[in-house]
Amino acid sequence: VSQSRYEIYECNLVPCFFQSTCVDLLNGFLCICQPGYSGQFCDINIDECASAPCQNGGTCQDLVNGYQCACVAGYSGVQCQTNINECASSPCEHGATCIDGINQYQCQCVVGYSGVRCQTDINECASEPCQNNGICIDGVAQYECQCLQGFWGVHCESSVNECASLPCQNGATCSDQVNGYVCNCAAGYSGTLCQTDIVTGK
């Protein structure tokens with residue numbers, strides 16, 4: 001009977017910590033530890049961060065029977081093992097290609113667009129390519145010049161030669177003008193086209 005009392009007293013005298021179970025032995029005791037603890041008295045918190053489980057620069061916080069990783073920007077997962085895909089939300093516009101990086105992305109724009117997300121239609125008319133007061137109409141990666149009367153060409157750079165049709169009559173010389181012409185009549189003729197004989201009136 002006295003031996004039984006001694007064994008019970010031994011577990012009471014040397015308690016096991018952190019809700020561990022004390023098993024009374026003959027002239028001794030055994031602490032059965034809760035998960036996450038070790039040592040003769042179960043008084044040592046096992047450092048689950050000792051194995052450096054957090055990846056990619058994550059910070060490990062030791063817990064009881066576990067750990068928690070605080071990930072740096074751009075990573076996720078229990079061990080910060082996953083590179084977050086910033087392209088998953090399709091941030092690039094107008095058919096651009098998205099290239100995923102670490103906590104960032106880069107858009108490769110198709111021709112005619114610019115900006116971080118390729119959101120801006122490049123204004124090809126900004127350089128004022130149309131000449132002679134031609135009107136520039138911006139498109140995607142292109143432009144079109146609408147020329148005023150009397151001009152032609154991609155940039156309205158050429159003047160229409162109204163004298164090409166030889167409108168002046170009776171030996172008159174034609175002087176080309178912008179969107180018109182002037183006939184310099186030979187002696188004895190008059191009229192816009194020098195079509196009238198001054199003597200006969202015909």
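# A tour of the chain and its disulfides

Start with the cysteines: the count of disulfides comes to 15. Keep in mind that the model on screen is predicted.

**Stop 1: the whole chain**

Show the chain as a cartoon. It has 1 helix and 20 strands. Now turn the view to judge its proportions. Along the principal axes, the C-alpha atoms fill a box of roughly 160 × 20 × 15 Å. The radius of gyration of the chain is 47 Å, whereas a compact globule of 202 residues would have one near 17 Å.

Switch to a surface view. The accessible surface comes to about 13,100 Å², and 52% of that belongs to carbon and sulfur atoms. How much of the chain counts as buried? The share is 24% of the 202 residues.

Contacts can be sorted by how far apart the partners lie in the sequence. Among contacts with a separation of 6 or more, 17% are between residues 24 or more positions apart.

**Stop 2: Asn-27**

Select Asn-27, which sits in the loop between strand 1 (21-25) and strand 2 (28-32). Its relative accessibility is 60%, so Asn-27 counts as exposed, the cut-off being over 50%. Check the backbone here as well: phi of Asn-27 is near 60°, a positive value in a residue that is not glycine. For background, most residues other than glycine have a negative phi.

**Stop 3: Cys-33 and Cys-42**

Next, select Cys-33 and Cys-42 and show their side chains. A disulfide joins the two, with an S to S distance of 2.0 Å. The torsion about the S-S bond is -90°, and this link of Cys-33 and Cys-42 is left-handed.

Cys-42 has a relative accessible area of 0%, so Cys-42 is buried.

**Stop 4**

**Stop 5: Cys-185 and Cys-194**

For the last stop, select Cys-185 and Cys-194. The two form a disulfide, and their sulfur atoms are 1.9 Å apart. With -90° about the S-S bond, the link of Cys-185 and Cys-194 is left-handed.

Color these two residues by accessibility. Cys-185 is at 30% relative accessibility, so Cys-185 counts as partly exposed. Cys-194 is buried because its relative accessible area is 0%, and buried means under 20%.

Where does Cys-194 lie? Look in the loop between strand 19 (189-190) and strand 20 (196-197). Finally, check the backbone of Cys-194: its phi is positive, about 60°, although Cys-194 is not a glycine.

Note on methods
Residues numbered from 1 in each chain as written. Predicted model: local features only at pLDDT ≥ 70, side-chain atom pairs only at ≥ 80, totals over all residues. Heavy atoms only, no water. Helix = DSSP H or I, 4+ residues; strand = E, 2+ residues; numbered from the N terminus. Rg over C-alpha atoms; globule rule 2.2 N^0.38 Å. Buried < 20%, exposed > 50% of the residue type's maximum accessible area, 1.4 Å probe, protein only. Contact = heavy atoms within 4.5 Å. Areas by Shrake-Rupley, 256 points an atom, 1.4 Å probe, with all protein chains shown as cover. Disulfide = S-S within 2.5 Å.
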